[in-house]
Amino acid sequence: MLDVYLFRHGETYCNNDGRHTGWLPYGLNDTGREQADRAGEHFRDFPFDRYFCSDLVRTRETFEHIFGQRDDCEYTELLREANSGELAGMKYTECAEKYGERYAQARKTWSFRQFGGDDVEDLFARARGFLKKMEELPKDVHTVAAVTHAGTMRTLAATIVGGQMPGFPMPIFNCACCVLRLKDNGQWCIVHWNIETPQHFGEEK
């Protein structure tokens with residue numbers, strides 16, 4: 001059995017200001033650093049066997065605040081957020097005003113290809129790639145920590161249950177944790193969702 005603990009990055013300027021971040025090199029704001037430090041108080045000494053992280057700036061910074069500087073973390077594009085193309089850095093309200101229904105459909109379907117970004121299938125391809133990577137880990141690896149993005153976490157969940165992204169509006173707080181489990185029979189399931197401290201794990205979902 002393998003448990004994968006997914007952590008969303010801490011708050012950024014774009015999160016706080018209602019903007020698309022995409023792949024822009026924005027780090028955490030003061031609130032985001034505080035959130036990551038609090039997560040570190042709870043999870044830094046947890047006995048994880050492997051560490052993974054999205055290679056974007058905000059997740060790298062979150063990882064260091066939670067787990068410290070580690071040489072054994074693998075930074076990977078498979079955990080990246082959706083590329084929002086030319087919308088990156090723009091406020092949601094500005095995008096809606098400028099692009100109207102085109103933008104509304106893009107947000108509804110998670111497909112930003114018309115704006116030079118990702119299509120929803122790009123997100124699912126990365127999610128499938130990460131799950132496959134987890135399945136190929138050595139059998140003595142039982143716990144994994146991975147710092148990533150809300151959209152990526154929802155895509156992983158949708159991949160596991162066979163759903164579509166528009167059907168996964170579940171909230172994920174900054175620096176909250178979701179746990180995915182690979183059972184011994186090779187099946188994935190969602191064990192916990194949007195947990196902020198280990199004390200909140202309680203009964204499995």
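Buried means under 20% relative accessible area, exposed over 50%, and partly exposed in between, with a 1.4 Å probe and protein chains only. The model is predicted, so local features need pLDDT of at least 70 and side-chain atom pairs pLDDT 80 or more, while totals for chains, interfaces and linings use all residues. Residues are numbered from 1 along each chain as its sequence is written, and side-chain values use heavy atoms, without hydrogens and water.

Q: Is Asn 194 buried or exposed?
A: Asn 194 lies in strand 6 (residues 188-195); strands are DSSP runs of E with at least two residues, helices are runs of H or I with at least four, and both are numbered from the N terminus. Its phi is positive, about 60°, although Asn 194 is not a glycine. Because its relative accessibility is 15%, Asn 194 counts as buried.

Q: Where is Cys 175 found?
A: Phi of Cys 175 is near 70°, a positive value in a residue other than glycine. At 5% relative accessibility, Cys 175 counts as buried. Cys 175 belongs to the loop between helix 7 and strand 5 (177-182).

Q: How are helix 6 and helix 7 oriented to each other, roughly parallel or roughly perpendicular?
A: Helix 6 (residues 120-135) and helix 7 (residues 150-161) pack with their axes 9 Å apart, at an angle of about 75°. Axes are lines fitted to C-alpha atoms, for helices over the stretch in contact, and angles run from 0 to 180 degrees between N-to-C directions. Angles under 35 degrees count as roughly parallel, over 145 as roughly antiparallel, 65 to 115 as roughly perpendicular and the rest as oblique. Therefore helix 6 is, relative to helix 7, roughly perpendicular.

Q: Which helix gives the most to the lining of the largest cavity?
A: A cavity is a set of points on a 1 Å grid over the protein atoms alone where a 1.4 Å probe fits but cannot get out, and lining residues have an atom within 4 Å of a point. The lining consists of Leu 78, Arg 80, Leu 123, Arg 126, Ala 127, Thr 152 and Thr 155. The most, three residues, comes from helix 6.

Q: How much space lies in the largest cavity?
A: The structure holds one cavity of 30 Å³ or more. A volume is the space filled by probe spheres set on the grid points, which are joined across faces, edges and corners. The space in the largest cavity is about 30 Å³.

Key
On a 1 Å grid over the protein atoms alone, a cavity is a set of points where a 1.4 Å probe fits but cannot get out, and a pocket is an open set with protein on both sides within 12 Å along at least five of seven lines; lining residues have an atom within 4 Å of a point.
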